[in-house]
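Welcome, and thanks for taking a look at this one. Please have your viewer ready and colour the chains separately before reading on.

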Amino acid sequence: MPIKAILTIAWKDILSEFRSRETISSMLIFCLIVVVIFNFMFEPGSTLVRQMVPGILWVAITFAGILGLNRSFIYEVDQGCLLGLLLCPVDHSMLYLGKMLGNFIFMVIMEVIIIPLMIVLFNLDILSIILPLALIILLGTLGFAAVGTLLSAISVNTRAREILLPILLFPIAIPILLAAVKATGSLINEGTIADARSWIKILAGFDIIFLVISSLLFEYVVED
Amino acid sequence: MIKIEDLSKSFGSFYALRDINLEINSGDFWIIVGPNGAGKTTLLKIIATLSQPSSGSININGILSNKNKLNIRRQIGFIGHQSFLYNNLTAEENLKFYSQMYYLNNATQRIDEILKRVGLWDRKSDLVRTFSCGMQQRLSISRALLTDPNIILLDEPFSGLDQSAIDNFIQLFSSLISPDRVIIMTTHNLQLGLQLATHFAILSKGRIVHKDQTNMIDLSRFKDLYKELTGGAN
């Protein structure tokens, strides 16, 4: 039953976004600008590009992710919908997980479009490591969405919410971003998963920690 | 049905509610009136389990509200001055969403029935953002009534509505009064409140300063009493 509530909330967010296309389009445009600007700076296929790509990728994902996370709870407070959600006979941690799942899916949709574009623009030969790379990106995105959803719920009721969210989010998300960038870098530069394995374990560990802590704290964040 | 005992709510050193005692029985329709900041919305939020009291207790149908929140929420329909509706979903999708969140059986049948009741069945496939204020309020009532709740909480439901929407609202709401149901409404509209309710409570600075049955008082006396007890504030 709680799973049904989580999926219902995520589906509602996806359907609503499908109608407005406000969040994903702004995330995509931002990502595209970042990738294209960096593409002007570096020679495609060079060693330098391979060293820089992990950083460029995660800069694009996190900054575009912030745009999506900022909007996530704005939709809920607009017509008082957050109050409507909180009144439902569902544990508030399930509401958090539903919103988190929606944010995670939006970020993954953006990544599915932007990563092939990066491969082409930067002339990267990473087909042999595409599966472990996908795993790292999914784990990094999950952790980022986990912390970001909680902090988005905190910042939405403040006047300077657009500024407050990144200020709160980046310091807390450092373990996730550090592990994600290091794992991506090891994988792309070494061409094998061996060196990235320890970073992937750290990333998965932080995902679990952030998911559990955020779902427990959400109740206190939304309560008066 | 609802028993509120010695309830207080403080935010730091500020008391939003202090020593509230109310006993509300099935079939009662209570209005809570008071100036802005008197604590009306806070009281409704505590009854709806959205806020924890600092002290005191609320007992709803024999259940302490802080002990079984999910069970209490299942019994409550809440209508505020905001619609709680998603603008980018249709009327039907909004109600489907909430029916799934309430794990409602026979949702499709119930949604059709309730949309017909509020006169929105022919607009069920339209996006809520295309609805007028009055239509959104009617849909908001449908949302709150989906589960056929036995406690209905109304927080300033007339805010932003024109006279015709208010008339529709009253007509719809008069049909909801039943011996098995409790309705509690906060409002600034003393006349409408008195017209609809069976009981009233005047809240001032977080305290209930007067409570009585509405048939014990006429409008002009009610207005005088309100001014006297709240210092004439709106």
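The report below goes through the model, its interface and a few selected elements.

## Model and confidence

This is a predicted model, in which local features need pLDDT of at least 70 and side-chain atom pairs count only at pLDDT 80 or more, while totals for chains, interfaces and linings use all residues. Residues are numbered from 1 along each chain as its sequence is written, and chains are lettered from A and ligands numbered from 1 in the order in which they are written.

The scores are ipTM 0.90 and pTM 0.90. Among the elements of chain B, mean pLDDT is lowest in α6(B), at 81, and highest in α3(B), at 96. Helices (H or I, at least four residues) and strands (E, at least two) are DSSP runs, numbered from the N terminus.

## Where the chains meet

Let us begin with the interface. Here 25 residues of chain B are in contact with 21 residues of chain A; contact means that the C-beta atoms, placed from the backbone, lie within 7 Å. On the chain B side, α2 (69–74), β6 (76–79) and α3 (91–101) each supply at least two residues. The largest share, four residues, comes from α3(B).

By class, this side of chain B has 13 nonpolar, eight polar and four charged residues. Ala, Val, Leu, Ile, Met, Phe, Trp, Tyr, Cys and Pro count as nonpolar, Asp, Glu, Lys and Arg as charged, and the others, Gly among them, as polar.

## An enclosed strand in chain B

Six of the six residues of strand β8 (residues 182–187) of chain B are buried, so the rest of the structure largely encloses this strand. A residue is buried if 20 or more other C-beta atoms lie within 10 Å of its own, exposed if 12 or fewer, and partly exposed in between, with C-beta atoms placed from the backbone. In a regular strand, side chains alternate between the two faces of the sheet. B:V182, B:I184 and B:T186 point one way from β8(B), while B:I183, B:M185 and B:T187 point the other way.

Which strands pair with β8(B)? Strand β3 (residues 29–33) of chain B does, in the parallel sense over five bridges, and B:V33 has B:T187 as its bridge partner. Strand β7 (residues 151–155) of chain B also runs parallel to β8(B), joined by five bridges, with B:D155 opposite B:T186. Pairing requires that DSSP finds at least two bridges between two strands.

## An antiparallel sheet

Chain B also has an open sheet of four strands, ordered β2-β1-β4-β5, with antiparallel pairing. Its edge strands, β2 (14–24) and β5 (63–64), each pair on one side only. Seven bridges join β1 (residues 2–11) to β2(B), and B:K9 stands opposite B:L17.

## Two helices to inspect

In helix α4 (residues 107–117) of chain B, B:I111, B:I114 and B:L115 are buried. Seen down the axis of α4(B), the buried residues fall within an arc of 100°, so they line one face of the helix; the arc is that of the directions from the helix axis to the C-beta atoms. These residues pack against α3 and α5 (133–145) of chain B. After α4(B) comes B:G119, with a positive phi near 75°.

Over in chain A, A:I9 is found in helix α1 (residues 2–20). A:I9 counts as buried because it has 26 C-beta neighbours inside 10 Å. Leaving aside neighbours within four places in sequence, A:I9 is in contact with A:L95, A:G98, A:K99 and A:G102.

Terms used. Two residues are in contact if their C-beta atoms, placed from the backbone, lie within 7 Å. pLDDT is the predictor's confidence in each residue, from 0 to 100.
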